[in-house]
Each structure stands twice: as structure tokens, then as C-alpha cells.
Amino acid sequence: MVEGRDKNSKFFHCVANGRRRSNHISEISFNGVKITDPPQVRNGVFLFFKDHFKNVRWSRPKIRSLGLKQIFEEEIKSLEVVFSKEEVSAVVYCCDGDKAIDPDGLNLRFIKANWENIQEDFLKFILEFHGNRDIVKDLNNTFITLIPKCFNPEIIKDFKPISLVGSMYKIFAEVLANRQIIDSFVIAEEIIHTWRKSKEMTPLVKLDFEKAYDSVDHSFLDSTLEDMRFSLKWRQWVKSCISSPSLSVLVNGCPTDQFLMERGLRQGDPVLPFLFNIVVECLSCLFKKAQELNLVRGVSFGNAEVHISHLQFADDTILLLKQKWST
């Protein structure tokens with residue numbers, strides 16, 4: 001996309017064409033078999049992601065006895081407050097308008113430029129969702145674009161899938177996401193700074209979940225929200241956000257057939273960090289239980305002697321362990 005300072009020059013087109021060539025998938029391997037025929041490459045990518053996002057049903061343990069945090073009645077009411085014109089407008093003007101064009105053929109720059117003319121109709125859509133708790137299916141259709149993670153990708157795992165969600169859904173999801181605050185990164189930086197000043201040697205372990213967002217079970221997420229006392233209306237909003245989209249993978253600029261997203265969260269969805277943190281709250285409860293049983297020891301922080309064993313932000317989990325060094 002040509003931005004304000006870009007010139008329609010030979011250099012610009014060379015860079016754009018070079019990027020297009022680097023993202024082009026001319027061949028790919030599935031189960032050790034290399035495919036070069038374009039229609040077969042496209043079909044192979046389609047079948048991979050269709051199976052990848054297919055729900056796997058298996059029995060899961062109940063987590064109600066772990067002591068999940070529960071939100072208060074005042075917080076429940078604040079989450080369900082009718083979306084105001086000011087709240088929605090603030091989201092529109094804060095969004096980056098130069099992102100890739102969405103499945104609806106528009107980007108947020110168009111919406112921002114014409115907001116004064118379309119805001120009333122847009123607010124009607126937002127308020128209708130607030131009451132009906134359901135998103136029109138076509139508004140939540142999503143393209144998945146594949147970004148190479150290495151110089152010469154050979155298998156599908158060498159690509160990072162990013163979801164291009166529609167502009168109307170993106171604004172609504174951003175409104176929901178803005179009603180949540182997460183401060184784990186700030187806390188982690190303060191703890192590390194304190195350790196450096198005291199020159200204390202303390203183990204710090206960062207966990208990396210493979211395909212963390214893609215493996216989230218929708219029914220498990222809903223049951224966790226229920227156990228944390230989120231209201232039925234909020235849970236139905238979340239369900240509509242994550243279960244209604246139809247996905248299509250862009251292979252060399254051409255979309256594959258559509259398929260349903262039966263599990264997982266879309267990378268690129270504004271509510272993703274909040275929802276994933278709800279899921280890993282169960283992991284947090286397990287760590288706290290282990291600490292109560294003296295299986296692990298957290299660290300003390302600050303003058304108030306606050307004990308912390310782990311921190312969570314999106315898919316980043318940091319374990320903070322107190323250890324006596326024997327060597």
C-alpha cells in the first residue's frame with residue numbers, strides 16, 4: 001500500500017515486487033511429500049487448516065474446585081453498559097488505518113475518513129449486537145494470510161498465520177477489549193529491576209506454548225467464564241465473536257474455500273489477549289495450589305512482602321521461583 005511519504009517510483013515497485021515474491025508459495029511439503037502444482041498446493045493448505053481448527057472432543061477435568069477469581073457485581077454491570085457514541089468513536093480514531101484491506105474490501109482509513117457520515121448507521125449495528133448478542137455471519141468472515149517465518153519455508157509450520165478480520169467486527173472487538181486492563185508486563189519489569197539492584201540469583205522461566213491460540217477449546221473457555229461469574233450476555237458476546245467466523249486461507253493472493261472455526265482464537269482479533277488470559281487463569285490456579293502445598297516457592301516482592309510465583313500476559317507465561325542454590 002502506498003503511504004503518504006511513498007513515491008510511485010521504480011524503487012518502490014522493486015521493493016513491493018520483492019516482498020510479493022518472498023511471500024509466494026511455489027511448493028510446500030505435507031507429510032514429507034513435496035507439492036508443486038498450484039491447485040494442489042492451495043487444496044493442501046485448505047485441508048491442513050480445516051483439520052487444524054476442527055474441534056477435538058475429549059473429557060476434561062473440572063476446575064471449579066481450584067478457586068478461580070470471580071468478578072464482582074459492579075464489574076458485571078460495567079461490562080454490560082450500553083456502548084456509547086464516545087466510546088465507539090474513540091476506538092475508531094485510535095485504530096491504525098493503514099492495515100491490510102479486510103474481507104469486506106475496506107480498511108479503517110476509509111471508516112475514519114467518513115466517520116461523521118456513517119457513525120449513526122454504525123452505532124445502530126453496535127447497539128443491535130448489544131441487544132441481540134449475535135453477529136451477522138458475513139461480517140465476521142476472515143482471511144488467513146501466511147507470513148514466512150524463515151527465508152525458504154518448506155512446510156506449513158514455517159508460516160505464521162495472521163487473521164484479517166473485518167473492519168466492523170474489529171471496532172466492536174476493540175470496544176470489548178478496552179474494558180479490560182492487564183498489568184503483568186509492568187509487574188515483571190519491576191521485579192527484574194529489583195533483582196538486578198539486589199544482585200539476587202533467582203530462577204526465571206519463560207514458558208512457550210506451541211500453537212497456544214489455535215488450541216483453545218471454546219466450550220472450556222465458556223465454562224471458565226461462567227465459573228468466574230461473567231454474565232450470560234457477556235458469554236454470548238464472546239461466543240458470537242469466536243464461533244461465528246468462517247475462515248479462508250489466502251494462498252498467493254487467492255482465497256481457498258471457507259471452513260468453520262470450531263476451536264482456537266484468531267491471531268489479529270483484538271479480544272484475543274483477554275480471552276487467552278481467561279483460559280490460562282486455570283493454569284494460574286494450579287500454580288497457586290502447588291504453592292499452597294509447598295511444591296513450588298514464589299518470590300517476595302516489595303515492602304509488603306507480596307509473594308508471586310508466576311505472571312501471565314497473552315501467551316507468555318513467566319515462572320518466578322525461589323531456589324536455594326546447592327552448588
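At what relative accessibility does C95 lie, and does C95 count as buried or exposed? C95 has 9% relative accessibility and counts as buried (buried is under 20% relative accessible area, exposed is over 50%, and partly exposed is in between, with a 1.4 Å probe and protein chains only). Everything below describes a predicted model, in which local features need pLDDT of at least 70 and side-chain atom pairs count only at pLDDT 80 or more, while totals for chains, interfaces and linings use all residues. Residues are numbered from 1 along each chain as its sequence is written, and side-chain values use heavy atoms, with hydrogens and water left out.

**Figure 1. The whole protein, to get your bearings.**
The protein has 11 helices and 12 strands (DSSP runs numbered from the N terminus, with helices being H or I of at least four residues and strands E of at least two). It has 327 residues, of which 41% count as buried. Take the contacts (heavy atoms within 4.5 Å) between residues at least 6 apart in sequence: 71% of them join residues at least 24 apart.

How many disulfides does a search of the whole structure find? The search returns 0 (a disulfide is a pair of cysteine sulfur atoms within 2.5 Å). For C95, the closest cysteine sulfur belongs to C94, and at 7.3 Å it is too far for a bond. Another cysteine to look at is C254, which is partly exposed at 40% relative accessibility.

**Figure 2. Helix α7 crossing helix α10.**
Two packed helices are described by the angle between their axes and the distance between the axes. Here, the axes of α7 (residues 167–177) and α10 (residues 232–243) come within 12 Å and cross at roughly 145 degrees (axes are lines fitted to C-alpha atoms, for helices over the stretch in contact, and angles run from 0 to 180 degrees between N-to-C directions). The crossing is left-handed (the near helix is turned anticlockwise from the far one by less than a right angle; clockwise would be right-handed). On the α7 side look for Y169, F172 and L176, which meet W234, W237 and C241 of α10. The residues of this contact divide into 6 nonpolar, no polar and no charged (Ala, Val, Leu, Ile, Met, Phe, Trp, Tyr, Cys and Pro count as nonpolar, Asp, Glu, Lys and Arg as charged, and the others, Gly among them, as polar).

**Figure 3. The largest nonpolar core, and another one apart from it.**
In soluble globular proteins, nonpolar side chains tend to be buried together. Which residues of the largest nonpolar core touch the most other members? They are V88, L221 and F230, in a core of 50 residues (a core is a set of buried Ala, Val, Leu, Ile, Met, Phe, Trp, Tyr and Cys residues joined through side-chain atoms within 4.5 Å). Elements giving two or more residues to this core include α3 (73–79), α4 (85–94), α6 (115–132) and α9 (218–227), and α11 gives the most, with 9 residues. Leaving out residues up to four places away in sequence, F230 touches I71, L79, L225, R235, F274 and I278. Another core, of 18 residues, lies apart from the largest one, and its members include I25, F53, I144 and L146.

The buried residues of α9 are H218, F220, L221, T224, L225 and D227. Among the things covering these residues are α10 and α11. Just after α9 comes R229, which sits in the loop between α9 and α10. The phi of R229 is near 75 degrees, a positive value in a residue other than glycine. R229 is partly exposed, with a relative accessible area of 33%.

**Figure 4. N252, in the loop between β6 and β7.**
The loop that holds N252 lies between β6 (246–251) and β7 (254–255). N252 is not a glycine, yet its phi is positive, at about 55 degrees. Its relative accessibility of 34% makes N252 partly exposed.

S163 belongs to β4 (residues 159–164) and is buried, at 10% relative accessibility. Beyond residues up to four places away in sequence, S163 touches T142, F143, I144, R266, Q267 and G268. F48 belongs to α2 (residues 38–52) and is partly exposed, with a relative accessible area of 25%. F48 and I156 are 108 residues apart in sequence, and their C-alpha atoms are 8.3 Å apart in space.
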